[in-house]
Amino acid sequence: MNDDAARTDGVILIAFGANLPTVEYGAPAKTLKAALKRLTADGDISVAAVSPFYETAPVPISDQPWYVNGVARIETRLHARDLLDRLHIVEAEFGRVRHARNEARAIDLDLIAYGDELLVEQEGIQVPHPRMHLRAFVLLPLRDIVPDWQHPQLFQSVDDLISGLPSDQEIRRQP
């Protein structure tokens with residue numbers, strides 16, 4: 001295995017975010033922490049690392065409240081499709097109803113990368129996530145937990161992807 005493959009092989013990444021409070025958990029950060037805990041409740045997923053949380057302006061820019069975002073590195077034997085289904089189940093349990101793209105939401109869980117797998121299915125799953133390399137709210141937290149990660153399709157390091165981000169994405173690390 002070459003050095004580049006070692007950076008992505010086996011690394012499963014989930015991005016998470018929210019910009020609306022929930023009745024049960026309150027502020028978005030509390031909801032996201034509870035969702036990560038729920039994700040591990042069945043015993044077939046474990047969270048290996050969680051990035052610091054970031055506050056981020058909506059992308060595309062809108063009058064929505066700012067988001068709380070982060071990235072988790074997980075370990076599981078679930079296949080990518082089954083993992084994505086589980087993410088959707090947890091979203092629904094936490095009150096997510098999908099109406100429109102880029103809408104305000106109480107929770108968003110996205111499968112960002114599944115090792116070095118490249119998947120595109122008619123049902124909508126794409127791994128790596130097709131827009132992850134364009135989002136500061138994914139790349140900055142990702143760098144915090146896997147600094148030597150390399151995009152398995154673009155063959156660029158996370159630092160190179162960050163340097164190519166548009167300058168209009170506002171993001172700040174939460175204290």
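**A loop and its surroundings**

Modeller: Thr 22 lies in the loop between strand S1 (12–18) and helix H2 (28–39), where helices (H or I, at least four residues) and strands (E, at least two) are DSSP runs numbered from the N terminus. This is a predicted model, in which local features need pLDDT of at least 70 and side-chain atom pairs count only at pLDDT 80 or more, while totals for chains, interfaces and linings use all residues. Residues are numbered from 1 along each chain as its sequence is written, and side-chain values use heavy atoms, with hydrogens and water left out.

With a relative accessibility of 14%, Thr 22 counts as buried (under 20% relative accessible area, with exposed meaning over 50% and partly exposed in between, for a 1.4 Å probe and protein chains only). Once residues up to four places away in sequence are set aside, Thr 22 touches Thr 31, Phe 94 and Ala 106, a contact being heavy atoms within 4.5 Å. A polar atom of the Thr 22 side chain also lies 3.1 Å from the backbone nitrogen of Tyr 25.

Phe 16 and Phe 53 form an edge-to-face pair, because their ring centres are 5.5 Å apart and their planes stand at 65°. Since Phe 16 lies in strand S1 and Phe 53 in the loop between strand S2 (45–50) and strand S3 (54–56), this pair ties together parts that are 37 residues apart in sequence. Both Phe 16 and Phe 53 are buried. Tyr 25 and Phe 94, in turn, have ring centres 5.1 Å apart and planes at 20°, so this pair is stacked. Tyr 25 sits in the loop between S1 and H2 and Phe 94 in the loop between H3 and S5, so the pair ties together parts 69 residues apart in sequence. Tyr 25 counts as partly exposed because its relative accessibility is 30%, whereas Phe 94, with a relative accessible area of 9%, is buried.

Phe 16 also belongs to the largest nonpolar core, of 28 residues, where Phe 16, Leu 32, Ile 74, Leu 83, Leu 87, Leu 111 and Tyr 114 touch the most other members; such a core is a set of buried Ala, Val, Leu, Ile, Met, Phe, Trp, Tyr and Cys residues joined through side-chain atoms within 4.5 Å. At least two residues of this core come from each of S1, H2, strand S4 (67–76), helix H3 (80–93) and strand S5 (108–114). H2 gives the most to this core, with six residues.

S4 is largely enclosed by the rest of the structure, because eight of its ten residues are buried. Seven bridges join S1 to S4, and these two strands run antiparallel (strands pair if DSSP finds at least two bridges between them). Leu 13 stands opposite Arg 73 in S4. S2 is joined to S4 by five bridges, again antiparallel, with Ile 45 opposite Thr 76 in S4.

Key
Polar contact = N/O pair within 3.5 Å; in protein donor to acceptor, adjacent residues only side chain to side chain. Phe/Tyr/Trp six-rings, centres within 6.5 Å; stacked < 30°, edge-to-face > 60°.
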